[in-house]
Amino acid sequence: MDKPRTYSVLNKTSKSKPLISKKEFSICERCKCQFRQEWDGDVGKFTEWKLCPKCREEAKAETVKTISTGYSPFDYQTIMHNSNARFRVVSGGIRSGKDHSMTFEIFKYACACANESVSRRTDELWPVRAWIVAPNNYIAEQDLEKLKKLIPAALVQDYSKTTKSILTKNGILFEIKSAYDPESLVAVALDAVLITEAARISDLETVWSNLEGRLNSPGRGLGGEGGIGLINSSPLGKNYFYKMWCWGQKGSPDYDPQWESWTWSHWDNPKIQVIKDKIQSNGRTYKENLERRMSTTRYRQDYLAEFLSDELAVFPNFEEKCLEKIGNSLSGAEREDYIKQWKTPLSQCTYKIGYDPASIGDDPAVVIIENETGRLKEAISLYGLDWDAQFDRIKMLSRKYFNAVVFF
């Protein structure tokens, strides 16, 4: 392996911005004069500069400093690091190093953004913002600890496990987010996003739609060309993560030139390769014994990072048998019209309504089935509605579908 690399991480201008608070006025740590903080419209709070504007200007003469992270990528990881793709996807087996390498990549990229000139990185583009998004809070907190270990302590200005954030001295605000509520992943402009264990995010499509919009915020990303997205996971069937991976494959009909993707297996890791072919006491290699202890499909998915469509599915061939795909050739208006026609009740047909009751804090659901064709006409969430509002909605749907009978 190569020796640990060093990267320039402090801006020549030392234009660092600390965490944000409600405090409007502060005392400059250098000249001891009172000054007014700046309003950050993205989050609706004031900044927390340590220096007044005059002292910040004087600090621009400080020299560049370099630090070493101690990270040395393997050859297959280096390919990902050297990619020019704006969006990069890794389907990785267990312990293939997908998370560690992408955590370093988002750190390196954020540092490059922080090192941009003052004329490019104007006040409204500070701090540099980077999010790491995980399926739930537990994984998110683990990622926060990984990030904290990766960033040299000398560079950390503030660390909060409560708010799941790390602020660096060169003006980067790293925040860890849970994808449990996709609609919470909005509001701020972003320079970089890392999604970890993406295949295990239940509504990945909505999550990515919200995040890509944040990355497209004007001025964000290196050179103002838009923020980057790094996505990794071990596979879980052919779900939306598989679709994202296909966007980075040149041979795929869905290929997008802004994307690039790779597959890393468990055995690609050189530190694991050393045990792969070791002969055990039963005469077999470690790899052979490992394969014999589990199903072929589980081994292929978890260790070789293969996308398997039906072998591990609860309902095999669900998409082919139960879903009707809307053609990609249709325009947005044509797609909306197609969906509208699908939901329109037909006078020659009869309908039934299935209702799964739940209180206001749960997720009650309603489905409408066309008896003659078996089509699912609508699937509706009544989340947030009390009992009276739920019953009113069901009565309206029953009338719409020719007084359809409701089954609880």
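This is a predicted model: local features need pLDDT of at least 70, side-chain atom pairs count only at pLDDT 80 or more; totals for chains, interfaces and linings use all residues.
Q: Could we try a contrasting case: is I353 buried or exposed?
A: Buried means under 20% relative accessible area. I353 has 1% relative accessibility, so it counts as buried. I353 belongs to strand β15 (residues 351–356). Between the C-alpha atoms of I353 and V405 there are 6.1 Å in space, although 52 residues separate the two in sequence.

Q: How much space lies in the second largest pocket, and which residues are closest to its centre?
A: The second largest pocket holds about 660 Å³ of space. It is lined by 27 residues, and those closest to its centre are R95, G97, K98, D99 and H100. The lining comprises 13 polar, 8 charged and 6 nonpolar residues.

Q: Which helix gives the most to that lining?
A: That is α4, with 6 residues. Both α3 (98–114) and α4 (137–150) supply at least two residues of the lining.

Q: On to charges. How many salt bridges does the structure hold, and what counts as one?
A: A side-chain nitrogen of Lys or Arg has to lie within 4 Å of a carboxyl oxygen of Asp or Glu. The structure holds 18 salt bridges. One of them pairs R36 with E24, at 2.6 Å from N to O. R36 is in strand β3 (residues 34–36) and E24 is in the loop between β1 (6–8) and β2 (25–27), so this pair ties together parts 12 residues apart in sequence. R36 counts as exposed at 53% relative accessibility, whereas E24, at 25%, counts as partly exposed.

Q: Are R121 and E116, another such pair, buried or exposed?
A: Both R121 and E116 are buried. Their side chains meet in a salt bridge of 3.0 Å, N to O. R121 and E116 also take part in a network of salt bridges with R120, D191 and R220.

Note on methods
Residues are numbered from 1 along each chain as its sequence is written. Side-chain values use heavy atoms; hydrogens and water are left out. On a 1 Å grid over the protein atoms alone, a cavity is a set of points where a 1.4 Å probe fits but cannot get out, and a pocket is an open set with protein on both sides within 12 Å along at least five of seven lines; lining residues have an atom within 4 Å of a point. Grid points are joined across faces, edges and corners, and a volume is the space filled by probe spheres set on the points. Helices (H or I, at least four residues) and strands (E, at least two) are DSSP runs, numbered from the N terminus. Ala, Val, Leu, Ile, Met, Phe, Trp, Tyr, Cys and Pro count as nonpolar, Asp, Glu, Lys and Arg as charged, and the others, Gly among them, as polar. Buried means under 20% relative accessible area, exposed over 50%, partly exposed in between (1.4 Å probe, protein chains only).
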